[in-house]
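Please look over the sequence and the model before reading on.

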Amino acid sequence: VEVSYAELDAAANRLAGYLRGAGVGAESVVGLCLPSGVQMITAILGVWKAGAAYLPIDGRLPGERIAFMLADSGALLVLADRDMAGLLAGDAGGVLAGSSVGVRVVVLDEQLTADYPGTPLDAVVDPAGVAYVIYTSGSTGAPKGVAVTHGSLANYVGSVSDRLGWSGAGTRYGLLQPQVTDLGNTVVFISLATGGVLHVLDPEAVTDPEAVAGYLAEHRIDHVKAVPSHLAALTAAAGVERILPARSLVLGGEAAPAAWVADLVAVAGDRRVFNHYGPTEATIGIATTELSADTLAGGVVPVGTPIANTRLYVLDEALNPVPAGVVGELYAAGASLARGYVGRPGLTGERFVACPFGSGERMYRTGDLAKWTPDGQVVFAGRADEQVKIRGFRIEPGEIEAALLAHPEVAQAAVVAREDTPGDKRLIAYVVSADGDTVDDGLRDYLARELPDYMVPAAVVTLPELPLTANGKLNRKALPAPDHAAAKTAGRAPANEREALLCEVFAQVLELESVGVDDNFFELGGHSLLAIRLLSRIRASLSVEVKIRTLFESPTPAQLAANLGTEKSARPALRPMRKENQ
């Protein structure tokens, strides 16, 4: 699908007319449960033209979480495609069925806006008005909505496009992230603001190394932003050279190992590689730097210097600046700051505090530990609390622990991120049973109904008690590594060579001694990035192309073996994907 700027503008104007007629205006919130691409971008612009803010909704989230987000944000209505509208509707079987959330779900199609003109409304966007609300994991057990203003977003786009050299009509950008997070907003809004050509890759394609490599080559993509762990999974299968865009790559969403980044920069050659850092509460990103052999010489990966109209402070517990080289907590002030948390004045006041270095302005307490280098670069040094990043997703273990403690079989719970294998960080839950027995094996299924999939622990370990330090706090170092193999039940032997080979490949990728034919890849600790590696191994071993959706639907060797007969033979290594979602 190709859409010109004129067509996009007219479609957004028509949608704005409909929304205005539906009572949407300044400070209103409109939920968007739409696939990434033309529909989503049209809806974002239409909402803005009507003077409102948008709330991106991932339709795969548990129904209760979606209902909470809609109620908490005060959304007036939800725009959805026809498939998602049916799933969301309050009718029997819908996500909102039985919910007290009185939000109307509207199907976004041409018929909805056909009677409205394609000319712009007379709306004036206030820089202090909310542009979007995005929910992040909350430490108290419920997600929290961050309200980002138009002024903050405009400052971000104007500054970062200049810092990255992302500009010029016709410049080609590739979007690898879903539009339900703010990570991909760098690519989306800079491309739109500078007259670029935005290529939105299909969600299934972004987990396929060959598809990504083929698309970047065929469409000569200039710029891409990627989460390091996602990029590492793609490059491990397709090679670094083939996954790099033509002009520049931006790393964001999580910290990356220095050695891996150094190898990436070396292969990139004349192509520029940037690191980009920032929390959602400070509008996507607040610091960036270009990486080179010189900047990486010290064995660390700097996150850079602040973007325009933004100040960074590394402070001690008394809010005093610390010297270069000394670790402190990172604070941000200036135009980048979000308005705060929707409906949470107490939490907003706790995290957005008075800045002692300015006249009445606020600064945001990031919770990240950092230090200054002698040449004025900021280096990330961990967290001051328990928040973790898993595959680019920000997760508060406290929210998972709260969900576990709501289960009748769980008396105590702790969740940590373990990296028992270098580069493979996983969430592990430790529970103490309420009756002293081993907690039911269905606990992960229970969590999957309560939380986003990326917040479901890779394993649940039952302990007689949680280990404590001398002062009564959880002793995280004493928590044992999960034994996936021990949790595996005895089953039948492979029925044929294909099942046997798949069992072997599963075991290799999961780094287990063996895997049974009926063992579930995801219950053994697998996740979407390991799935990329698995499908690449299957392609090499069986010469068959397996879509990631097939693995989710058939996660055991036996199920997958039965479905392989319907899959296509593996494509040649350099064959590009079809021209879709350009």
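In what order do the three strands of the open sheet lie? The order is 22-23-24, and the pairing is mixed. The model is a predicted one, in which local features need pLDDT of at least 70 and side-chain atom pairs count only at pLDDT 80 or more, while totals for chains, interfaces and linings use all residues. Residues are numbered from 1 along each chain as its sequence is written, and side-chain values use heavy atoms, with hydrogens and water left out.

**The sheet and its helix**

- Strand 22 (410-421) and strand 24 (459-462) are at the edges with a single partner strand each, so one side of each has no neighbour in the sheet.
- From one strand to the next, the twist averages 30°.
- Strand 23 (residues 424-433) pairs with strand 24 in the parallel sense, over four bridges.
- Two strands pair if DSSP finds at least two bridges between them; helices (H or I, at least four residues) and strands (E, at least two) are DSSP runs, numbered from the N terminus.
- A429 is opposite V460 of strand 24.
- Helix 13 (residues 397-405) packs on the sheet and touches strand 22 and strand 23, where contact means heavy atoms within 4.5 Å.
- The direction of helix 13 makes about 140° with that of strand 22; axes are lines fitted to C-alpha atoms, for helices over the stretch in contact, and angles run from 0 to 180 degrees between N-to-C directions.

**N496**

- N496 sits in the loop between helix 15 (484-487) and helix 16 (497-510).
- The relative accessible area of N496 is 40%, which makes it partly exposed; buried means under 20%, exposed over 50%, and partly exposed in between (1.4 Å probe, protein chains only).
- C-alpha to C-alpha, N496 and A531 are 23 Å apart in space, and they are 35 residues apart in sequence.

**Aromatic pairs**

- The count is 13 aromatic pairs, with rings of Phe, Tyr and Trp (its six-membered ring) pairing if their centres lie within 6.5 Å; planes under 30 degrees apart count as stacked, over 60 as edge-to-face and the rest as tilted.
- Y18 and Y116 form an edge-to-face pair, 6.2 Å centre to centre with 85° between the planes.
- Y18 is in helix 1 (residues 5-21) and Y116 in the loop between helix 5 (110-113) and strand 5 (130-136), so the pair ties together parts 98 residues apart in sequence.
- Y18 is buried at 11% relative accessible area, whereas Y116 is partly exposed at 29%.
- Y54 and Y132 form a tilted pair, 5.6 Å centre to centre with 40° between the planes.
- Both Y54 and Y132 are buried.
- Ring pairs join W48, Y54, Y132 and F189 into a cluster.
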